Amino acid sequence: MKLDDDDFTLFGLPRRHALDRGDLDARWRALQAEVHPDRFAAQGAAAQRLAMQWAVRVNEAYQRLKDPLRRGAYLCELAGAEVDAERNTAMPPEFLLEQMAWREALDEADDDAAAVEALDAEVAGRERVLLQRLAREIDETGDARAAAATVRALMFVARFREDIGRRLEALDA
Amino acid sequence: MALLQISEPGAAPDPHQRRVAVGIDLGTTHSLVAAVRHGVAECLPDTDGAVILPSVVRYLDGGRRQIGAAARAAQAEDAENTIASVKRFMGRTLADIPGHGKLPYRFIDRPGMVALATREGEKSPVEVSAEILAVLRQRAEDTFDDEIFGAVITVPAYFDDAQRQATKDAAQLAGLNVLRLINEPTAAAVAYGLENGSEGLYAVYDLGGGTFDISLLRLTRGVFEVVATGGDAALGGDDFDDALAQWALAQAGLQASSPRDRRAVLVAARAAKEALSSAAQAALSCTVDGRALELGVSREQFDALARPLVERTLASARKVLRDARVTRDEVQGVVLVGGSTRMPCVRAAVAAQFGREPLTDVNPDEVVAIGAALQAHALAGHARDGGLLLLDVIPLSLGLETMGGLVERVIERNTTIPVAKAQDFTTFQDGQTAMAIHVVQGERDLVADCRSLARFELRGIPPMVAGAARIRVSFQVDTDGLLSVSARELGSGVEASVAVKPSYGLGDDEIARMLREGYAHAEDDMHSRKLREARVEAERMVLATRSALAADGDLLDGEERARVDALLAVAADVALAADAQAIDDAVHALAEGTEAFAAARMNRGIRAALAGRKVDEI
């Protein structure tokens with residue numbers, strides 16, 4: 001086991017998008033129970049430093065693995081298909097139209113919390129469908145390039161949901 | 001002060017046996033110290049049998065001071081020199097303290113952290129807090145008739161980096177070895193969860209004297225994982241007192257202009273508030289401006305005044321549920337912490353928000369200190385195998401200033417610590433050779449709306465066209481939730497770094513000066529202290545290495561084993577001598593010489609953990 005092993009190897013998991021969240025959480029806790037600096041509280045600075053590096057590495061991998069979008073992007077990269085969202089901004093027209101419709105709906109909802117929440121539910125539904133497609137592209141058809149395109153679409157959706165979250169927060173304050 | 005212990009050569013007592021570790025709840029209105037005694041965590045009483053120490057420090061003439069109940073009693077008569085609720089000023093500038101004009105103190109607007117003018121001169125909030133901590137340290141030392149090995153000190157989960165660092169500085173000033181800063185709600189959950197054997201998702205609603213926290217924790221077989229946390233570092237029981245005091249003054253048509261009057265009406269309001277927790281009606285009486293202020297106040301009237309404050313706590317609670325992406329029905333229990341949760345209006349509002357009656361079977365005043373004591377006990381090496389593990393999060397996002405005064409977030413709030421993350425930036429102008437790094441904390445998009453933590457410069461970047469340099473800025477947050485930042489130009493390797501500290505709080509030299517001036521522990525002799533600390537560290541290292549060898553000695557070949565054994569013998573030997581520097585050197589050599597061994601052991605542990613999981617699945 002090395003610090004630069006990939007996340008799946010570190011967690012003893014197969015390189016698949018499908019994953020049991022409960023099992024992942026249990027693995028994370030088991031790993032932290034081994035490497036957390038508190039486990040080496042009595043063993044001097046060198047052991048503490050080493051433990052810190054491992055604990056940081058385990059947390060980094062866990063953050064990536066537990067988020068279906070980041071996990072998907074990571075699998076694409078492991079398969080040699082860079083997501084490269086910054087340079088690769090071309091999206092299918094129907095997807096862009098849907099995005100515009102959502103943005104308009106958010107503007108129109110204004111300070112109507114129920115309407116904002118309804119929109120969020122709709123977007124969350126779309127997100128689920130895209131995530132299912134992503135899992136299929138990675139685990140079944142093995143089409144990393146298509147999966148990378150789906151990851152990019154999901155990144156748009158995630159950003160929009162963040163905007164919705166901020167709106168809801170502002171309405172609550 | 002306890003006497004130095006001297007052991008016969010070769011007969012050193014097992015340091016585990018006499019390692020006293022305490023948990024300290026350094027609260028806005030009161031503070032407590034707890035420890036595990038005879039296997040049970042309990043709060044330690046003073047000689048009068050009181051466990052609660054009011055967090056009030058009064059400066060008297062000639063370097064004398066009163067701390068605790070006596071100081072609190074003198075609040076109204078000597079308001080300017082009697083500092084209460086100092087926690088609200090920790091790591092804060094004057095501008096950060098809302099309503100400071102209404103407080104009866106003479107503030108001095110110092111950069112980084114406000115100071116207070118007293119008859120004994122200027123006092124930093126860190127020094128005032130250190131006085132409180134020193135009293136608790138003394139209490140623990142008297143109880144055990146022994147030195148304190150270390151302390152776990154609690155802070156509100158919502159404390160930012162500046163407030164955490166200030167707390168750690170205060171502990172250092174009070175002569176305490178800080179084993180860990182932990183979050184108050186986490187400590188409460190530890191005390192509650194270990195006592196009740198609970199599993200699942202719990203909310204901890206902690207409304208103290210000056211701070212409010214709400215945390216969601218998942219409890220799984222001894223692991224306490226913070227899922228999300230939020231709150232308000234400037235909202236607490238004091239604000240309820242203030243709301244009632246302002247209302248009373250308005251009703252009576254009076255103004256409290258002197259510090260003494262302001263304190264008098266706050267004290268009266270607090271008494272009325274406390275009475276209303278068990279009665280439907282209370283009297284508020286004091287003297288303002290030479291005139292008697294006498295008023296009756298009903299619980300309904302008080303509840304109406306309290307409602308906006310309670311509503312702020314509920315908004316934080318909803319936000320935390322959203323952050324964690326859970327609904328209130330998934331929460332299995334709500335634990336109430338902090339004296340302010342005794343207010344009936346608070347209990348009712350929490351019950352309505354979560355759709356269930358909150359749990360109140362733990363003493364809300366003591367639960368935080370008890371949880372801290374349990375963690376201290378574990379960190380001192382007393383925990384049973386696989387005892388207790390806290391996985392905490394950072395409460396506020398950390399980021400950097402980019403062009404146009406915008407914040408680029410590097411680490412999002414509610415990320416589990418420890419965590420490290422790097423982000424690459426580039427130059428803006430052709431030939432640019434320096435880059436200013438401005439580290440901020442907060443959720444807002446504009447730098448101006450976030451808290452500035454530190455600024456530093458990376459110099460010596462080779463001149464290149466704009467956008468060609470690659471500057472990697474790395475953030476690391478340790479297990480205390482404290483941040484350090486470094487920046488490096490990847491082509492040339494020039495580097496700059498900062499432990500986030502200088503733009504606020506006290507520098508190390510300032511702490512050293514205060515220690516020299518002998519605040520908090522005047523009678524302590526620095527030299528013998530240093531030697532004692534070096535010995536404890538050496539004993540700790542030797543013991544840990546021996547038990548590591550016993551467990552995993554097979555990882556070393558004969559030659560490696562001989563080297564470690566030699567270093568071990570030197571360290572054990574030198575620890576008996578009276579030369580602190582020699583002890584430090586030997587410990588250092590032992591640590592370095594066993595680094596590869598430690599790495600191999602860790603590797604084995606990880607393999608075992610994963611293998612264990614696979615066995616579970618079968």
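**Exercise 1. Work out how contacts in chain A split by sequence separation, and how much of the chain is buried.**

Start with contacts, meaning pairs whose C-beta atoms, placed from the backbone, lie within 7 Å. Keep those in chain A between residues at least 6 apart in sequence: 63% of them join residues at least 24 apart. Next, burial: a residue is buried if 20 or more other C-beta atoms lie within 10 Å of its own. On that count, 34% of the 173 residues of chain A are buried.

Some housekeeping: this is a predicted model, where local features need pLDDT of at least 70 and side-chain atom pairs count only at 80 or more, while totals for chains, interfaces and linings use all residues. Residues are numbered from 1 along each chain as its sequence is written, with chains lettered from A and ligands numbered from 1 in the order written.

**Exercise 2. Describe the make-up and domains of chain A.**

**Exercise 3. Find what chain B brings to its contact with chain A.**

First, the totals: 38 residues come from chain B and 33 from chain A. Helix 14 of chain B gives the most to chain B's side, with 13 residues.

Note on methods: Domains from an automatic or database assignment. Contact = placed C-beta atoms within 7 Å. Helix = DSSP H or I, 4+ residues; strand = E, 2+ residues; numbered from the N terminus. Buried ≥ 20, exposed ≤ 12 C-beta atoms within 10 Å, placed from the backbone.
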